[in-house]
Amino acid sequence: MIYDGIKSKIKHFHPVFHSITPEGLNSRLTFLQQCMRPGDTIPTVSKNDNGTQTLLYNDVTNSVFGAPPICVLRIGDFFHTKIAIDSLSIKYEDGRFDLNPEGIGVQPMIADVSISFNFIGGHGLAGPIASLQNALSFNYYANTEMYDERADSTEDVTSQYDAEIFEDIKNQIGVIESDDDRSNTTDGGVPIGVPLTTFLDPNNLNLVSGTITYTEIMKKLIDSTKSSLSTTIDTLEKINSEFLIGGLQILTKDRKYVDGYIGVGTTDNVKIFGKGDSIQDKVENLITKAKEDVDNDLCPAIDLVANQNFTDQEIRKVKNQIKSLIDAKKDTMIGSLENYSTQIGNEELKLINVIDKVNYVNNAHDGYINNKGNVIVYNISGTTQVTPPVEASVTNTLQELNTDTNIIKNSLNNFYNQLNNGIIIPSGNTEYNDDFVFSCLLGNNIITENENRFFMLFGNDVLTDPVKFASSIVSPVQNTANDITWNSFVLNNLGWNFSLNINTGQYVNQAIPNGLYSNYEVSKKTVDDSFKKFRDDYFNNTFNTFKPYNESKTRILTYEIILTSTSPYDTELKDIYSDSNSSGDKFNLKKTFT
């Protein structure tokens, strides 16, 4: 043995044989002394006229006539019985005293204890046996009951070992009971379906069969579909509310993991929203070009500033302020859009996990990964227990499951097409490009790239409070001779009239026709109306009570486990429960969106 630290300085030190505190030594010695003394005096029994017996302790309870102390001795599985200690000797080594200046005072550090005792009764694994042992007894040692049937048994270990052996056999041949724990399905520890019955062929131990139901996974497919699509449209509405169509244009352009498959085979036959790609690059491009617009006098907020009676110093201050506001938008836009993309993606990943499992079943297979890491593959087939009404072509429960899965596929594709039919996912002349030569739906006026950029950054600020936004731009030149002029100039460029009416003595606070503010209102209303139409005409009617098929269908299929020739289905099942992403840009078997 190799000792470290203080252990190496004290020969053969081991804490199991030593008290680590003086109090610990005291308490151990006290316990040994108690084992040598009787308890309270045994009372006498008194009976009254009614025959009721009572115990009389009289005046003395502390005498030698008390219950003898009986202890239980256990050493491993060899000794386990009751004992009566008949002698105790303690030897304290000379010179081994603990001074304890801050504790309980001077006392010995080491006590050498010798005990002699008598065994009372027999030994047992579960506990002492309350019977004396004679020449015809066999419980002189506790573990004798493990191998000698003549010994008294105190613990039934046969059922325990039988259960362990049976469980191991079940894992090897692929038997899963219907009541087995299904909380570990993320690890593949149970089949995708829920087994109902199991039959082991006595003539072929490599063949296990039975019935299995898929009600649970098909219900989960409905719930995951509804949750994913609801999250997608809710999140896109939040983006529109915060960043108007500009945020939608950035997020929805260049999405990954849109295409995949569901059902039988691996055809690219279904689409989901996917994950926005290169969001940061697009925002940084927007920020860079918007700041160039400021330097080149192309920023709409200070349009024709050179024609005004402002000093060069004031113009520089205002330009720098606008660029500071642009920079402040960068982290906000990137953070928010990435977070929104993640919200959509997280729900889609849950749906993908369910789709992958349903695909495996649709292709006539199921299975699980046993506790040794081996894959048990089921070959499944349908029964005639279909749930009416069904299509004429559906004659068994596997075909029924295929047909219902196809309904989900159509629902996902319809949702995707509806998003693209309007302007929720901008396309055509509203689709994003790095030159910003596209429409932001700002009315019928000719809109330039620099105007698009300013709208994408500050459209919501202008619509929320143009006066406040103008004040933030001209804040560096406030309290100067031109501060009122600057404020009016920027407000007019923003398409807002805020001036004093000489006749009424009140300030006029209204949008200028065909100005920036009015154009921004047109864009916002157009997109808001598109979302409303999407919900009213399609989404609410379809998904508020989304019941594409009967959730409670029993979906009973038969399964058969053949423990040979499982490739490639064993690898496919492992891929479902793996933490690693599949290769390629298809959404199937994706665990994270990178």
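Trainee: Which way do α3 and α7 cross, left-handed or right-handed?

Mentor: The crossing of α3 past α7 is right-handed. Keep in mind that we are looking at a predicted model.

Trainee: And what is the angle between α3 and α7?

Mentor: Helix α3, residues 215–252, packs against helix α7, residues 449–464, at about 165°. Their axes are 7 Å apart. An angle over 145 degrees counts as roughly antiparallel, so α3 is roughly antiparallel to α7.

Trainee: Which residues of α3 and α7 meet?

Mentor: From α3 you have Ser241, Glu242, Phe243, Leu244, Ile245, Gly246, Gln249 and Ile250. They meet Phe455, Met456, Gly459, Asn460 and Leu463 of α7. Sorted by class, this α3 and α7 contact has 7 nonpolar, 5 polar and 1 charged residues.

Trainee: Okay, next pair. How do α4 and α5 cross?

Mentor: Helix α4 covers residues 279–295, and its axis comes within 10 Å of that of α5, with a crossing at roughly 165°. The two helices, α4 and α5, are therefore roughly antiparallel to each other. The crossing of α4 past α5 is right-handed.

Trainee: Which residues make that contact?

Mentor: On α4, they include Ile279, Val283, Leu286, Ile287 and Ala290, along with Glu284 and Lys291. On α5, they include Ile322, Ile326, Met333, Ile334 and Leu337, plus Lys319, Lys323 and Asp327. By class, the contact of α4 with α5 has 11 nonpolar, 2 polar and 9 charged residues.

Trainee: Switching topic: which residues touch the most other members of the largest nonpolar core?

Mentor: Those are Leu236 and Trp486, in a core of 111 residues. Helix α5, residues 312–362, supplies the largest share of this core, 17 residues.

Trainee: What does Leu236 contact, apart from its neighbours within four places in sequence?

Mentor: Leu236 is in contact with Leu248, Leu251, Phe273, Ile344, Leu419, Ile424 and Phe531.

Trainee: Now the whole protein: how many helices and strands, and how much is buried?

Mentor: The protein has 11 helices and 18 strands. Of its 594 residues, 41% count as buried.

Trainee: And what share of the contacts joins residues 24 or more positions apart?

Mentor: Taking the contacts with a separation of 6 or more, residues 24 or more positions apart account for 65%.

Definitions and conventions:
Residues are numbered from 1 along each chain as its sequence is written. This is a predicted model: local features need pLDDT of at least 70, side-chain atom pairs count only at pLDDT 80 or more; totals for chains, interfaces and linings use all residues. Side-chain values use heavy atoms; hydrogens and water are left out. A nonpolar core is a set of buried Ala, Val, Leu, Ile, Met, Phe, Trp, Tyr and Cys residues joined through side-chain atoms within 4.5 Å. Buried means under 20% relative accessible area, exposed over 50%, partly exposed in between (1.4 Å probe, protein chains only). Helices (H or I, at least four residues) and strands (E, at least two) are DSSP runs, numbered from the N terminus. Contact means heavy atoms within 4.5 Å. Axes are lines fitted to C-alpha atoms, for helices over the stretch in contact, and angles run from 0 to 180 degrees between N-to-C directions. Angles under 35 degrees count as roughly parallel, over 145 as roughly antiparallel, 65 to 115 as roughly perpendicular and the rest as oblique. A crossing is left-handed if the near helix is turned anticlockwise from the far one by less than a right angle, and right-handed if clockwise. Ala, Val, Leu, Ile, Met, Phe, Trp, Tyr, Cys and Pro count as nonpolar, Asp, Glu, Lys and Arg as charged, and the others, Gly among them, as polar.
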